[in-house]
Each structure stands twice: as structure tokens, then as C-alpha cells.
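Biologist: I am new to this structure. Please show me how to read its features, one at a time.

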Amino acid sequence: DADLDGYTADVDCDDTNPAIHPNANELCNTVDDDCDGSIDDGGCNPCIQGEFGGHTYQFCSSWNVNWNGAAGTCSSYGYYLVTVDGEAENDFIAASAGGGDWWIGYSDSGWNNEGNWSWTGTASTSGYENWNSGEPNNAGNEDCAEIGSAFGWHWNDVNCNSQQHYICELD
């Protein structure tokens, strides 16, 4: 028990930090505080944690925010708005999110950037797209992407000031 927290190295997942041990409270800090093998599970209330492909997700549906607010909240957690890298991840999101519309980290906002969509997250090289038929169409200054049950979990471009749920991701 190198960190003197009462847990020996065989059960303590970080025996150098006394705040991390099997009986610790899980915090929203990108760390597995309670040594259960999951990062931030229950720690980023009111978001719901999920895991897929070695990544941790926070599905935040308790309040609706605009795209910049969602990106800022994810960043304050140490996450980023989700980057969807392929069909399997898109299907995971569809199965985990439930209904409604959700911000993803895809945008073409910015001066002279119309049509040049890019990801905001650290995995910003994804070439995967899953636009709904006829999208993106920029009907009414639509520069941010959403995913939702109304589109069969395909993507839609929408005004970035719309208020909706959001999904944060951690590599």
C-alpha cells in the first residue's frame, strides 16, 4: 500500500494516488477513480456513461444547449464532442442515445468555410460521413451536425444555436 489509502497494490489500480482505490467516489475527471475498469461511470452527472472501441462516452440529455455550449461542456470534462469514425460507432450511438437529437463534433462554421466539414475532437481525421438524404443542405445558416432518431440515426446539418442534447467522447 504505497499510497497509504488502505488498499494494497493487488486491488488498487493506482497505488501512487490515495484518492484512487476500489472504494473511491467516481469523479468526472477522465480517470477510473474506483478501480472498476470504467472511466467516469456515474461521475459526470447528469450524463450517462458508455464505452465502445476503447473510448468513453457521456450522453448528456438532461439539458439542451447550443453547439458551442456542448463543445465547451465536453471540454470542461476533459472530453470533446463525439467524432464518429465509422458505421459501428454510429450504430453504438444509436443504440445508446435513445430518442431525440444530439450534437456531434462536426461543423463547417467559420469564415469562408461553408461545405468544408471538420471534426473538433482529437480524432479529427475521420473520413466517415452518414448524412441523411439531401443533407447537408445549409437551409438557414446550418453549420453544425446532429445525429438523431428522427433521421434514422443519419446526420443533419442544423443551426448551431439550436438547443439539444450532446455526446462527449474521450479517447
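Modeller: We will go through a helix, the disulfides, the aromatic pairs and one aspartate. Keep in mind that this is a predicted model.

Biologist: Let's start with helix H1. Which residues of H1 are buried?

Modeller: First the general idea. An α-helix has 3.6 residues a turn, so residues three or four places apart point the same way. Now the case here. The buried residues of H1 are Trp67, Ala70, Thr73, Cys74 and Tyr77. They lie on the same side of H1, because they cover an arc of only 130° around the axis.

Biologist: Which residues are exposed on the other side of H1?

Modeller: Asn68 and Ser76 are exposed there.

Biologist: What covers the buried residues of H1?

Modeller: The cover includes strands S2, S3, S4, S6 and S8. S3 spans residues 80-81.

Biologist: And the ends of H1? Which residue caps the N-terminal end?

Modeller: Asn66 does. One of its side-chain oxygens lies 3.2 Å from the backbone nitrogen of Asn68. Now look just after H1. There Gly78 takes a positive phi of about 95°.

Biologist: Which cysteine is joined to Cys74?

Modeller: Cys168, with an S to S distance of 2.0 Å. The torsion about the S-S bond is -80°, and the link of Cys74 and Cys168 is left-handed. Cys74 lies in helix H1 and Cys168 in strand S8 (residues 164-170), so the pair ties together parts that are 94 residues apart in sequence.

Biologist: Are Cys74 and Cys168 buried or exposed?

Modeller: Both are buried. Recall that Cys74 is also one of the buried residues of H1.

Biologist: Which cysteine does Cys47 pair with?

Modeller: Cys47 is joined to Cys60, again by a disulfide, at 2.0 Å from S to S. The link of Cys47 and Cys60 is right-handed, with 105° about the S-S bond. Cys47 and Cys60 are both buried.

Biologist: Now Cys144 and Cys160. Why is their disulfide right-handed?

Modeller: The torsion about its S-S bond is about 95°, so the disulfide is right-handed. The S to S distance is 1.9 Å. This pair links distant parts of the chain. Cys144 is in strand S6 (residues 144-148), and Cys160 is in the loop between strand S7 (155-158) and S8, 16 residues apart. Both cysteines are buried.

Biologist: What is the pairing when the bonded cysteines are numbered in sequence order?

Modeller: Read along the sequence, the pairing is 1-3, 2-4, 5-6, 7-10, 8-9.

Biologist: Next, aromatic rings. How many aromatic pairs are there?

Modeller: A pair of aromatic rings is described by the distance of the centres and the angle of the planes. The count here comes to 15 aromatic pairs. Take Tyr57 and Phe92. Their ring centres are 4.9 Å apart and their planes are at 50°, so the pair is tilted.

Biologist: Where do Tyr57 and Phe92 lie?

Modeller: Tyr57 lies in strand S2 (residues 55-65) and Phe92 in helix H2 (residues 87-97), so the pair ties together parts 35 residues apart in sequence. Tyr57 has a relative accessibility of 1%, so it counts as buried. Phe92 is buried too, with a relative accessible area of 13%.

Modeller: Here is another pair. Tyr106 and Trp117 are tilted, 5.4 Å centre to centre, with 35° between the planes. Tyr106 is in strand S4 (residues 101-107), while Trp117 is in the loop between S4 and strand S5 (118-119). The two are 11 residues apart. Tyr106 counts as buried at 4% relative accessibility. Trp117 also counts as buried, at 14%.

Biologist: Last, Asp33. Is Asp33 buried or exposed?

Modeller: Asp33 is buried, with a relative accessible area of 4%. Buried means under 20%. Asp33 is found in the segment before strand S1 (48-52). Leaving out residues up to four places away in sequence, Asp33 touches Ala19, Ile20, His21, Ala24, Asn25, Glu26 and Leu27.

Methods: Residues are numbered from 1 along each chain as its sequence is written. This is a predicted model: local features need pLDDT of at least 70, side-chain atom pairs count only at pLDDT 80 or more; totals for chains, interfaces and linings use all residues. Side-chain values use heavy atoms; hydrogens and water are left out. Helices (H or I, at least four residues) and strands (E, at least two) are DSSP runs, numbered from the N terminus. Buried means under 20% relative accessible area, exposed over 50%, partly exposed in between (1.4 Å probe, protein chains only). Contact means heavy atoms within 4.5 Å. Rings of Phe, Tyr and Trp (its six-membered ring) pair if their centres lie within 6.5 Å; planes under 30 degrees apart count as stacked, over 60 as edge-to-face and the rest as tilted. A disulfide is a pair of cysteine sulfur atoms within 2.5 Å. The arc is that of the directions from the helix axis to the C-beta atoms. A polar contact is a pair of N or O atoms within 3.5 Å; within protein, one must be able to donate a hydrogen and the other to accept it, and residues adjacent in sequence count only if both atoms are side-chain atoms.
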